[in-house]
Each structure stands twice: as structure tokens, then as C-alpha cells.
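Here are my notes on this model. Please keep the sequence and the 3D view open as you read.

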Amino acid sequence: MRERDFGHTGIRVSEIGVGLWSLATDWWAPNVNAEEILKKAYELGITFYDTGDIYGEGKAEELLAKVLGNKRDNIVILTKIGYDFYNKKGRKIEQNFNIDYLEFAIKESLKRLNTDYVDILMLHNPKMNVIRNKEIFDFMQGLKKDGIVRAIGVALGPTLGWGEEGLEAIKMGYEGLEHIYNMIEQYPGKEFLKYRVGNVVRVPHASDALIEDKWPIGENKNLHRSLKNIKWIEEAVNNSKGMLEFAKSKGMKLSQLAIKFVLANPNASTVVPNITSVKELEEFVKTEELEDLTEEDIAFISSYYEKYYKKLNDESIEETKIYK
């Protein structure tokens with residue numbers, strides 16, 4: 001497994017990472033064998049593990065410690081704080097970026113992870129007022145100075161997040177961003193990838209639309225992709241049939257081309273696909289053995305985007321406004 005720099009932090013991460021949101025929740029598939037997937041990922045050379053305190057309300061962090069705790073010196077852990085699931089109002093979990101709460105949250109994460117430091121700590125889906133808050137930034141910097149974290153960043157969302165928030169986080173001095181970027185939803189992620197920060201790219205398969213083995217994609221209220229309009233997913237699948245043929249001409253699956261596309265950008269530090277089985281994991285990791293995309297390939301994908309995907313990307317950007 002090849003590694004890349006996480007921006008200018010000195011941290012090295014595997015090009016493909018594992019996100020524990022798909023292992024500690026049932027949002028992506030039922031009956032996921034999380035422990036088997038984590039063990040296999042480590043065997044295959046994956047060193048980057050992306051989690052958050054809210055995933056399974058602490059379960060994901062505990063799972064990572066249980067399976068890979070004895071490999072701590074060989075792995076890079078990213079976790080996120082900012083959702084206060086300790087004080088739920090009914091079933092609703094609200095965000096809390098008060099310094100006292102953030103200090104409490106990171107201490108609890110360290111306990112669950114059974115470690116005395118986190119490699120990368122990110123604020124989870126903060127709005128602009130939080131990103132611009134110097135007191136919060138100074139608190140995060142203080143954690144670095146104290147050796148509790150090695151790098152700080154911002155995870156953008158919900159869904160695509162917003163371009164102005166990501167650019168403001170970079171301007172403030174946050175060292176990493178986690179955001180969506182894929183062949184269909186190229187913006188605003190493409191703007192962030194102009195910067196040499198630690199770019200963690202999630203949802204490379206555009207809510208499963210770029211995984212041909214899952215076609216046709218039916219509506220399922222239990223899965224995370226149900227947050228995406230099913231009509232959007234159906235159109236994305238239909239518009240990807242030509243891209244599937246292009247992938248075949250390159251000797252790869254569409255799902256592998258989707259990962260290759262992300263990694264074609266040198267400022268993408270790591271890509272974190274949703275993984276729900278060892279079979280999927282192995283298929284994605286095999287992408288490393290395939291030929292990298294050429295400039296001509298990227299030019300083809302860019303022209304294809306303009307013709308078949310741009311409208312879908314615009315709709316995704318519009319969709320985020322309801323969370324503003």
C-alpha cells in the first residue's frame with residue numbers, strides 16, 4: 001500500500017483508508033463483520049483509520065482500540081468531536097463546540113481509543129461561526145502543543161458541506177479537511193484540492209452510484225444513502241453507463257476507476273470508501289495494482305462530467321442549503 005503526506009504535518013497515511021462509520025453503524029449494510037474487515041485491512045497494508053466519537057456513540061472508537069490497539073504505533077487515527085451524544089434531547093443529538101465540552105469530548109475519545117494521543121483531530125461538521133472562532137482554533141492548537149494531537153482539521157458536512165467553510169478553515173490554519181469528492185460531485189472538493197493540506201476524501205462512489213455491482217440501486221430507508229434523493233441516484237447510475245464502458249476499456253471496474261480518479265489528484269492524501277465486506281475491501285485495495293490514470297484519461301472524465309454529471313453536482317450543492 002502506497003503512502004502519501006498528510007499536507008505539511010509530517011504524518012504519512014495510506015492512499016486508501018478505512019472509515020469506521022460503515023463498520024460501527026448499520027447505515028450502509030446489515031450484519032457487517034467489522035472486526036474481520038479491520039484485521040484484513042491492516043494485513044493489506046492500510047494504516048489510516050478514520051473515525052468519530054459519534055459513530056455508534058463511541059462504539060467505533062472502542063472497536064478500533066479492541067482490534068488494532070496493539071498496533072497503535074503503526075496506524076494513523078483520525079477522530080472527530082462536536083456532537084454531544086452524552087446529553088441527548090430525546091433522540092436528537094445536537095452539536096456543541098463550547099471549549100469545556102470539546103475538552104471533555106477529546107478526553108472521552110482517548111479513553112475509548114485506549115491511547116494518549118490522536119494523530120488527527122477534526123471538528124465535526126462545524127458552521128462558519130465555529131470555523132472562524134479563534135478561541136476554538138487556539139484550543140485545538142493547544143492540544144497540539146500538549147502532545148494530545150499531532151494535527152488539527154475540519155470535517156465538512158452534512159453532505160457535501162460548503163466551499164466557503166472549507167476555504168475559511170484553510171485560511172484559519174487548520175491542517176486538514178475531510179470532504180466529498182468524486183467523479184460526479186467534483187465541486188466544491190476540487191477547490192480544496194488546490195491546497196497542500198491533508199485532504200481526506202470520502203464518498204468516492206457517490207452514494208453507491210459508481211459501484212456497478214450494486215446496480216440497480218433500490219430505495220432503502222435504513223441505509224445512509226436514503227438521505228440522497230432516490231431519483232438523483234437513479235439518474236447518476238443511468239448517466240454512468242458510459243463511464244462503466246470507459247472503466248472496462250482501462251481494465252478495471254467502475255468502482256476502482258472512482259478511487260483512481262480521486263488519487264489522480266496529488267493533493268488527495270487518502271481516499272476513504274465505504275466498506276461493508278472483506279470482498280469490497282479487497283476489490284478497492286486491488287486498485288493500487290492498476291495503472292494510474294493518464295492526462296488523457298483525466299481529460300476524458302472532465303468532458304464526461306460536463307456532459308453527464310455537472311447537473312447532478314449542481315443539484316448536490318443546492319441540496320446542502322437546507323442544512324445552512
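1. What you are looking at. This is a predicted model, in which local features need pLDDT of at least 70 and side-chain atom pairs count only at pLDDT 80 or more, while totals for chains, interfaces and linings use all residues. Residues are numbered from 1 along each chain as its sequence is written, and side-chain values use heavy atoms, with hydrogens and water left out.

2. The sheet. Start with the open sheet of 8 strands, in the order E3-E4-E5-E8-E9-E10-E11-E12, with parallel pairing. Strand E3 (18-19) and strand E12 (268-272) stand at the edges; each has a single partner strand, so one side of each lacks a neighbour in the sheet. Helices (H or I, at least four residues) and strands (E, at least two) are DSSP runs, numbered from the N terminus. Two strands pair if DSSP finds at least two bridges between them.

3. E8 and strand E9 (residues 149-155) run parallel, joined by 6 bridges. Val-118 has Val-149 in E9 as its bridge partner. Helix H6 (residues 134-145) packs on the sheet and touches E8 and E9; its direction makes about 150° with that of E9. Contact means heavy atoms within 4.5 Å. Axes are lines fitted to C-alpha atoms, for helices over the stretch in contact, and angles run from 0 to 180 degrees between N-to-C directions.

4. How many of the residues of H3 are buried? The count is 7 of its 10 residues, so H3 is mostly covered. Buried means under 20% relative accessible area, exposed over 50%, and partly exposed in between (1.4 Å probe, protein chains only). Among the buried ones are Leu-63, Leu-64 and Val-67. Their cover includes helix H1 (21-24), helix H2 (34-43), E4, strand E5 (76-81) and H4.

5. Backbone points to check. Most residues other than glycine have a negative phi, and most peptide bonds are trans. Glu-57 is not a glycine, yet its phi is positive, about 50°. Glu-57 sits in the loop between strand E4 (48-50) and helix H3 (59-68), and is partly exposed at 36% relative accessibility. Asn-114 also has a positive phi, of about 55°. Its loop lies between helix H4 (99-113) and strand E8 (118-124). Asn-114 is exposed, at 64% relative accessible area.

6. Two cis bonds. Tyr-187 and Pro-188 are joined by a cis peptide bond, with omega about 10°. Pro-188 lies in the loop between strand E10 (176-180) and helix H8 (189-192). Another cis peptide bond joins Trp-215 and Pro-216, with omega about -15°. Pro-216 is in the loop between strand E11 (198-202) and helix H9 (230-238).
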